[in-house]
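Dear colleague,

Please find the structure below, handed over for your reference. My findings follow directly after it.

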Amino acid sequence: MEIKSVAIIGLGALGIMYGKHLVDHLGVDAVRIIADHDRIERYKKDGIFCNGEPCAFRYVDAEEQMEPADLLIFAVKYTGLKSAIESAKNQIGKQTIILSVLNGISSEHVIGEAFGFDRLLYCIVAGMDASKVGNELTYKNIGFLSFGEANDERSEKVQALARLFDKVDMPYEIPERMLHKMYSKLMVNTGVNQSTAVFETNYGGIQVPGKPRDTVIAAMKEVIQVANAEGVDLQESEIAEWLKINDSLNPEGMPSMRQDTLQHRPTEVDLFAGTIRKLGKKHGIPTPVNDFLYDRIRAIEASYA
């Protein structure tokens, strides 16, 4: 199995960052950006920029019948996943590997239900500091991807993706416990994304002692409690590991939820506090910090009008 063609759905921060990186290493013909006709026309008219450079992307109408992609990357917001799945239908073949770089622990289930779990690799991304405003993306750290099978088998899909990432110099890891890794990433997102949004700050605001950083840590501890109740062995020592990663990021950078609130976009609060609150109720575990964050973010969204 060799990955020669890549399709990407979604040109948010991650879609642009990974799209530009892949085009730079594989060439423009090997990478296709899938979107509807009107969106493609807007991309062509306004342009897409990455660290000040225009992106030479190849755009493909979602309705166009064509040879399936070897690798399909979902890089949309969770709120756009349903329409993205519809847009992906002409990219799927027998050998297509599917990768989701969405936040949370839900997108893989939704995509697997649509296209089959045998095509899917589980994935989380971390360590990047990409910030997108309008059609312009800036970043200093591309971060890394963790991917693997749900059962941690080193399958041919896993090996094929590793060979591609080696070829294009994409930082990655194949963790020994993939589902544990996904819950661990949910933990950091629940703390970092939501706290920066609520306290209206950037990475720098949670890299120093104070209420925002304390809230990050407290929210993450609640994730550990509910994850443990779900049978996932998260440990408090992992909080320090994630804080070390976040402390290395550009202080002026901002996670996706803070970018969303600044630009008055709907957030993914249901993927973070929403998920933790549901699991807390399921297991009878109080989640006061995530209750606070959920209510504050909903109030922020309501203030857009």
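Asp152 is partly exposed, with a relative accessible area of 31%; here buried means under 20% relative accessible area, exposed means over 50%, and partly exposed lies in between, with a 1.4 Å probe and protein chains only. Asp152 sits in the loop between strand 11 and helix 5 (156-167). Its phi is positive, about 70 degrees, although Asp152 is not a glycine.

Please note that this is a predicted model, in which local features need pLDDT of at least 70, side-chain atom pairs count only at pLDDT 80 or more, and totals for chains, interfaces and linings use all residues. Residues are numbered from 1 along each chain as its sequence is written, and side-chain values use heavy atoms, with hydrogens and water left out.

Glu200 is another residue other than glycine with a positive phi, near 50 degrees. Glu200 belongs to the loop between helix 6 (178-198) and helix 7 (203-206), and at 56% relative accessibility it counts as exposed.

I turn next to the chain as a whole. It has twelve helices and twelve strands; these are DSSP runs numbered from the N terminus, helices being H or I with at least four residues and strands being E with at least two. The radius of gyration of the chain is 19 Å, close to the 19 Å that the globule rule gives for 305 residues, so the chain is as compact as a globular protein of that length. That radius is taken over C-alpha atoms, and the rule is 2.2 Å times the number of residues to the power 0.38. Along the principal axes, the C-alpha atoms fill a box of roughly 50 × 40 × 30 Å.

Of the 305 residues, 57% count as buried. The accessible surface of the chain comes to about 13,500 Å², and 50% of this belongs to carbon and sulfur atoms; the areas come from the Shrake-Rupley method with a 1.4 Å probe, and for residues only the protein chains shown count as cover. Among contacts (heavy atoms within 4.5 Å) between residues at least 6 apart in sequence, 74% join residues at least 24 apart.

Several individual residues also deserve mention. Thr287 is found in the loop between helix 11 (273-283) and helix 12 (288-302). With 6% relative accessibility, Thr287 counts as buried. Not counting residues up to four places away in sequence, Thr287 touches Glu222, Val226, Ile276, Arg277 and Gly280.

Glu136 lies in strand 10 and counts as partly exposed, at 46% relative accessibility. Leaving aside neighbours within four places in sequence, Glu136 is in contact with Phe49 and Ser131. The C-alpha atoms of Glu136 and Gln207, 71 residues apart along the chain, are separated by 25 Å.

Tyr139 occupies the loop between strand 10 (136-138) and strand 11 (142-148). Neighbours within four places in sequence aside, the contacts of Tyr139 are Met17, Cys50, Asn51, Asp129 and Ala130. Between the C-alpha atoms of Tyr139 and Gly127, twelve residues apart along the chain, the separation is 11 Å.

Finally, helix 2 has a feature to report at each end. At the start of helix 2 (residues 37-46), a side-chain oxygen of Asp36 reaches to within 3.3 Å of the backbone nitrogen of Asp38. Gly47, with a positive phi near 80 degrees, follows helix 2.

With kind regards

Notes. Polar contact = N/O pair within 3.5 Å; in protein donor to acceptor, adjacent residues only side chain to side chain.
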